[in-house]
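Hi there,

Here is the structure I promised to pass on. My notes follow below it.

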Amino acid sequence: MENLLFLIPLLPLAGAAVSGAIHAGLAPKKTAGIVANLAVWGAFALALTLFLGMEPGGVLTARGFTWIEAGAFRAAFDLRLDSLSAVMILVVTGVSALIHLYSIGYMAHDEGFARFFAYLNLFVFAMSLLVLGANMLLMFVGWEGVGLMSYLLIGFWYDREEGFAPEATPPRAGQKAFIVNRIGDFGFLLGLFLLATHFGSLDYDVLRSKAASGELTQGLALAVGLLLFVGATGKSAQIPLYVWLPDAMAGPTPVSALIHAATMVTAGVYMISRCSFIYVHAPLALAVVALVGGLTAALAAAIAVTQRDIKKVLAYSTVSQLGYMFLGCGAGAFSAAVFHLTTHAFFKALLFLGAGSVMHAMHDELDMVKMGGLKKYMPITYLTFLAGAFSLAGMPPFSGFFSKDEILWQTARWGDPFHLALYGLGALTAVLTAFYTFRMFSLTFLGKERFDPGQVHPHESPPTMTIPLVVLAVLATLGGFLGLPHLFGHLNVIGPFVEHSTAVIEETGGLGHEAEWIFLLIGVGCALAGILPGWALYKAGPEWGARMARKLRPLYLLSYGKFFVDEIYAFLVVAPLRLVSLGCALFDIFVVDGLVNGTARRCDEAGGAVNKIQDGRVSTYAAWFAAGALVLGIIVLVGVLR
Amino acid sequence: MPPAPTSALLVLAGCLFGLGALGFLIRRNLIVMFMSVEVMLNAANLVFLAAARDRGWEVDGQVLVIFVIAVAAAEAAVGLALITALHRLKRSVSADSATDLKG
Amino acid sequence: MESSPVLTWILAGLLGSGILVSVYNLAGRKAPVTSGVFLVLMAAGLWALLGLPAALALFAVLGIGTLGCALGIVLHPNPAVSAVYMMGSFTGMAAIYLVLGFPFLAMVQILVYAGAIVVLFLFVVMLLDLGRRGEGWSDFRPGPVGPVLAGGLTGVALTAFLVTASSSKGAVRDALEPAALSAKAAQAGAAVSGGSGFADSLFGKYLLPFEAVTFLLLAALVGVILLARPGAGGRKEA
C-alpha cells in the first residue's frame, strides 16, 4: 500500500513523457491537455485516498532503491507521507490539477500547447519529489527540479520580445530566476553538507532522533538553520533574493499561478517546517527568519501599492505573503505558517487565474489603468476575484483572515519587544495588503470602462477556465475552517501534524490566551482600514492615485521603482561578475585557445617546413639517400675501426 | 701466374662505385643516370667475386653474381621503358622535368 | 690464366699506339680533353705493364681501362657516347673476371651486359633521338653536393676495404699472400668456376631463387610491353 506513494510522482512524469511525445508529433496537440490533466488529477486522487486512509500522526514510508552509498553516508529513494507532507501534497496536486484544467482553455491558441503541459507535468513530478522525499537529498533533487521547470516555464515564450523591457524578456527572466535561486542553493548545499558530515545521513528520521538525543549542538543548529534559510530566501523570494519573482511574471499566467504563488515558492516554508526539529534548538536562527520575513512582507507590500501591472501587484503580494509565512515560522508557529501556506495557495492561485481570465478577455492587456468596469462583462471572474481579494485582505470569515491572524497572534504571543515590533510591522503590512488588493480590484472591475468596448470586446472565459475559479473561490472562502483558532474550538486539522515549539513559548512566558481576542479584533480592523480606502478611492478610476503620486512624488518614485533594488544589484553584483566573466572569456579565447590553436599552427608550420624537402625531384631524393648512406657508412667504419 | 691481391680488387670496386655514384648525382640526363647505376652494380659484382675467390672460390658468390646480372637486366629494361614513357609525356629526359609529385 | 709474353706485347703495342694517337690529336688540337685523359690513362697503363709483376700489370691495365671508361660515362655530355663508354666499361669488367678465374661469368657478362643491356641503352638513345648536340644533352648539375657525397662514399668504402685488408683478420690476410691463393685454387680443383659445381649449386641449393628470377624476368617483360605501348605514359584511359 505504501508503494502506491511512488505513483504520485510517477504519474505526472509519465504524463510529461507522453505530452512530450505528443509535442513531437505522436498525436494531435489537443490530446496533450487531456493526458496531462489525467496524470495530475490521478495523482491528486491518489494523494487524497492515501491521506484519508491514514490515522492522525501516522507515517507512511515507501522504500525505494538505494541511491548513494559512500562510506558511512547512505541515501535511498524513499518517500514519506506524514501529516505535513500530506497537507503539502494535497495542496500541490489539488491546485495543480485545477490549474491544469484552466490551462486547457488559457493556452488553447498557443503553438507550444503540448510542450506546456509536458513542462507542467514535469513540474508536478519535481514538486512531489520535493514534498514526499524522506530525506533532504531527495528534497534537494526536487528543489533543483522545480527550479529547472521554473526556468523553462518562465521562458516558455522564448522568442517573444515585444512588450518586455530588454532585461526582462522571458528568457532573461528565466535566467534571472535560475541564477538567483542558485545563489540560495549554495547556502542550502552548505547546510546539507554540514548535516551529512556530522550525522552521516540526511534522513528525517535519523536527523530527528539525533536532534532529540542531544547530539545537535546549538552552534551546529544555528549554522545549519541559517544556511538552509539562505536557500529558502532564494526559492521563496525573501530579502535579499526575491528579485526574480516579479520578473517571472513574463511567463504564462497559469505558470505564475501554480509555481510562483501556490507551490514552488512555498518550498522554502515547507523545508523550514520539515526541519523544525533543528530550528527549535537555535532561537537566534528563528529570530533571523522572523525578522527577514517581517521586513520582506512590509517592503513588498509597499511596492505593490503603486504598481500598474496587475500581475506585478500579485507578484509582490506573493512575496509579501511569503514573508508572513516565514514570520510565522520564525515565531515558532510552524503549523500556522503551513496553514497560511494552504490558504494562500487557494486565494493567490484564484487571483492569478482571475487575472489571467481578465487578460484573456482584454487581449493580454496588463495595465490596470486601461481596464475598468469589467464587472458587467465577466461576472464569474468578478465574483471569484472578489472572494480572493477578501481572503487576501484578511477579512473574516474568509480563509485568509484565519491564517494571517493565527500567525500574527503567535508572533505577538511572545510578548517581548522584538516580537511585538514584528507584530506591528505585520499589522501595518496587513493594512497595506488590504489597500492594494482592493485598489487592484476596483481599478479592474469597477467604475467606467477606460477602454473602447467596441475595439476590445471583453467576454467571460470558457468553462474550463471558470470552473477552477469557482472551486478555488469556494476553497478560499471556506478554507479557513480547516484551522480555527483556540477561541472557536480549535478545530485544527493541521495543528497536531506539525512539530512546533509551543513548548518553547510556554517556557518563556508570553501572553495568555485571553489576549487572543484583542489581536483578532485588531486584525479585523487592519483589514477594514485597508479595504475601505482601497475600494472607495479607486472605484471611480485611477485619478486619485495619480494626484497622490504627484503630491508625494519622492515616496511614489521609491515605491514604483521597487526601491531600486534591482538597479543596486546590477551595479554592485552583476556588473563586477560580468567583468570577471569577460576576463575569463578573454583568457579562454586568447590564452587557452591560443595555446591549442597555436600548437596546431606550429605543427602545421613544421610540416610545411619539412614539406619543402619533397620537391618531386629524383635527384634530390638520391642525394638524401647518398647522404644517409654516407652517415651510416661512417658510423659502421668508426665501429669497425675501434 | 700469381693472382691479383684482393685489396687491389676492392680498391677498384670502391672507385668504380664512387664513380657511379658521382655520375648519378651529377648528371641530369636520366639515361646517363641509369648507366651510372649499372656501373655501381658492376662494382658490387666485383666485390662479390673478390670475396668468393678469397674464400677458396666459393660457388655461392658466383651464383649471386649471376642473379645480380639477371635482375640488373630486367631492371634496365623496365627502367628504360619508364624513361620512354616519360619522354612521351614530358618531351624531355631530364630528371628535373618530372616533378609532378612535388610536396 | 697463364701469363704470356705475347699478351704483354700485344697490350704494350695497343697502349703505345693509343698514346701516339692521343699525342697526335693534342698536337692538332682535336678533342683536347678526351685526348689528354686518354693520354694519361694509357701512359699509366703502359707504366704498369712494364713496371709491375705480370699478374699485377695485367690487372692494373684492365682496371685503369675500366675506370677510364666509367669516367667517360660520367663526364661526356653526349648520351650516345656515354653508352659506348659503358660498353667499354663492361668489357673491361668481363676481362677482369676472366683474369680472376671466372670464365663463365665473364662470358655471361659479355652476353648480357655488353651484349644486351648496352644495345638496349643505345636503342633508347637512338629512339629518343638524343644523340644530337642540344637535344637530350644535359647540363651538369652545379654545386658541390654531388662530388662531396660521392667522394665521401668512396672514401668510406676505400677506408673500410683497406683497413680490413691490412688487419690481421684471417681470410683477408691471405689476400696479401698470392701464393696462398694459388694453393687454394689447386685445392679447390673442380670447384673452379664454370665447372659442374656451379651448375649443381645453381640448380640445387639455389633452385628457388632461380625460379623466382624467372618470374621476375617474365614480369619485367610484360611490364615493358605495357609501358611501351602508345597509350601508356600518362595519358588518361579513354
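Asp364(A) is exposed, having 11 other C-beta atoms within 10 Å (12 or fewer counts as exposed, 20 or more as buried, and anything in between as partly exposed, with C-beta atoms placed from the backbone). Its phi is near 65°, a positive value in a residue other than glycine. Asp364(A) sits in the loop between helix H15 (334–361) and H16 of chain A; helices are DSSP runs of H or I with at least four residues, numbered from the N terminus.

Before going on, some housekeeping. This is a predicted model, where local features need pLDDT of at least 70 and side-chain atom pairs count only at pLDDT 80 or more, while totals for chains, interfaces and linings use all residues. Residues are numbered from 1 along each chain as its sequence is written, with chains lettered from A and ligands numbered from 1 in the order in which they are written.

Phe563(A) also has a positive phi, about 60°, although it is not a glycine. It lies in the loop between helix H24 (553–560) and helix H25 (565–611) of chain A, and it counts as partly exposed because it has 15 C-beta neighbours inside 10 Å.

There are cis peptide bonds to look at too. One runs from Ile239(A) to Pro240(A), with omega near 0°, and Pro240(A) is in the loop between helix H8 (218–235) and helix H9 (244–247) of chain A. Another joins Pro396(A) to Pro397(A), with omega near -5°; Pro397(A) is in the loop between helix H16 (379–393) and helix H17 (399–412) of chain A. For context, most residues other than glycine have a negative phi, and most peptide bonds are trans.

**Helix H4 of chain C**

The 22 residues of helix H4 (residues 79–100) of chain C should span 32 Å at 1.5 Å a residue, and the end C-alpha atoms are 31 Å apart, which agrees (the expected span is 1.5 Å times one less than the number of residues). Of those 22 residues, 16 are buried. Just after H4(C), Gly101(C) takes a positive phi of about 105°.

**Where chains A and B meet**

Here 10 residues of chain A are in contact with 11 residues of chain B, contact meaning C-beta atoms, placed from the backbone, within 7 Å. Helix H26 (residues 618–641) of chain A gives the largest share of chain A's side, 5 residues.

**Confidence**

The model scores ipTM 0.91 and pTM 0.67.

Methods. Two residues are in contact if their C-beta atoms, placed from the backbone, lie within 7 Å. Helices (H or I, at least four residues) and strands (E, at least two) are DSSP runs, numbered from the N terminus.
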